[in-house]
Amino acid sequence: MKIFTAEQIRSWDQFTISKEPVSSIQLMERASIAVAHWISEHCKNHKKLAVFCGNGNNGGDGLAVARILYLKGFDVDIFVSDSKKKFSEDASVNLKRLRDLSGISVRKFDSSEHYNFDEKTIIVDALFGTGLSRPLEGELKGLIEQLNSKKNIKISIDVPSGLSADEMFDYDPVILKADYTLTFQCWKKTFLHPETGKYTGKVIVLDIDLSKIYADTTDSDYSVIDDQLISSIFIPRQEFSHKGSYGKAAIIGGSYGKVGAAVLATKSALKTGAGLTFTLAPECGYDVLQTSCPEAMFIKGGEQFITNFEMDKDVTCGAGPGLGTHSGTEKSFLSFLKSYSQPLVLDADALNIISKNQKNLKLIPKKSIITPHPKEFERLFGSTDNSFKRLELARKKAKELGLYIVLKDHHSQVITPEGRVFYNITGNAGLAKGGSGDILTGILTSLLAQKYSEEEACILGVWLHGRAADVASEKHSKESMLPTDVIDALGAVFEELNRKTERNL
């Protein structure tokens, strides 16, 4: 699913209106019906709504939603501005339709200070849509602060008021903190970054049948990884295949006291389906690895830490989990990179070693995949003020170095050498534990060994990692789930993928 800017979304609306044809007021009604349907289906215990409407088309959506839900039996109160600013044409039409109904009141914003927000009241935010270009101030800023102080469930239509669809404002703005955001047709960029996404609550994307032609023919460097994209990438296992059909994966990692990281990466590589899996680790990890991962073959790379990185040319390598940064390891690893020309996966201490000298970045083979968390990224490329600027720096470095960068975050981002960005929306806070990144390294290495392209391996890999975490959290909770639970859940995710593939035949 492509992510479009606010300007592109306005063009998408106009394109739909001109091509269907459908009028703008009919399109507003279509969007409002979708919102009202979701609220009526999911808010059966809350029949009282306080709907706050701006003067623009987002306010028009709110007015139409209020009318539709009132006719469905909801108790609805409307709040509008007492300023002299005119409503948009379509919002005016919906305000008139609302006033033609008896039993529904339209109040001014300032009356909300004395309004009875009881526990059954849902606050519906229809103050601003995608068009906001600057932080809120004055009356609206005060109103949002007041609404944020309420404990009521809050639902924003399209975008939480005070939040830009495209960017992060320079200073700390006042933004409505929604529990749910019912957005139209596609994700917005700000929903996917930690500084701004914290205001959206659970995001529900409502399909309002905007033109598919526009979506297919309009370029965007930003996308969300959705089920359709995953289905186009995933290749089911062939019945007459053999272990040679699925490549050789090698996990390079482990050092004294950190062998567990290599175990996790090895197990996830095995569970992701590589034909043969090797672990190059120090002698001190032999018993642990052979006992916990008997399906993998052990290659001795040293005694207490790895000093020998020799590997066959037909093996796909993933290096870094638990590797350590011992001087002997560092020297041998950099020497290995100088002689190794195939794409590989680099994480954790492999990145920490590289980050010690900017010249080392040029040693990374083209088309390799690096998977830094924010601190590792900072060590590699320098600090940035926020995640938006970090992403843009990552795009620049991916192009410059010819690499695929997986920026690990709540919504991890896959950045290609061409500058395209894919946001992952699977996964949860249960992954905020040591070892989760090691699992991802194993998954990516295994997929790369199976001859998925680097881009496909990244996209499918981060999706698999997050989806397995979602399955694990349902069984164990986000608090108690372990990285090993995520590995164990990979089987259920592959079953799910195979069932979908069979249905699509």
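**Exercise 1. Find the residue just after helix 3 that takes a positive phi, and then examine the helix itself.**

Step 1. Just after helix 3, the residue with a positive phi, of about 105°, is Gly73. Helices (H or I, at least four residues) and strands (E, at least two) are DSSP runs, numbered from the N terminus. The model is a predicted one, in which local features need pLDDT of at least 70 and side-chain atom pairs count only at pLDDT 80 or more, while totals for chains, interfaces and linings use all residues. Residues are numbered from 1 along each chain as its sequence is written, and side-chain values use heavy atoms, with hydrogens and water left out.

Step 2. The expected span of a helix is 1.5 Å times one less than its number of residues. For the 15 residues of helix 3 this gives 21 Å, and the end C-alpha atoms are 21 Å apart, which agrees.

Step 3. Among the buried residues are Asn58, Gly59, Leu63 and Leu69.

**Exercise 2. Work out where the residues of the UniProt annotation "binding site" lie.**

Step 1. According to the unreviewed UniProt entry, the annotation covers Asn58, Asp125 and Ser161; UniProt positions are given in the numbering used here, feature names are shortened, and annotations may be inferred rather than shown by experiment. These residues span 104 residues in sequence, yet no two of their C-alpha atoms are more than 9.9 Å apart, so they gather at one spot.

Step 2. Asn58 belongs to helix 3 (residues 57-71) and, at 8% relative accessibility, counts as buried. Leaving aside neighbours within four places in sequence, Asn58 is in contact (heavy atoms within 4.5 Å) with residues including Asp125, Phe128 and Asp158.

Step 3. Asp125 is found in strand 4 (residues 121-126) and counts as buried at 1% relative accessibility. With neighbours within four places in sequence again left aside, the contacts of Asp125 include both Asn58 and Ser161.

**Exercise 3. Describe the surroundings of Gly253.**

Step 1. Gly253 lies in the loop between strand 9 (248-252) and helix 9 (259-272), and at 0% relative accessibility it counts as buried.

Step 2. Not counting residues up to four places away in sequence, Gly253 touches Ala262, Leu280, Ala281, Pro282, Ile306, Pro321 and Leu323.

Step 3. Gly253 and Ala348 are 95 residues apart in sequence, and their C-alpha atoms are 9.7 Å apart in space.

Key: Buried < 20%, exposed > 50% of the residue type's maximum accessible area, 1.4 Å probe, protein only.
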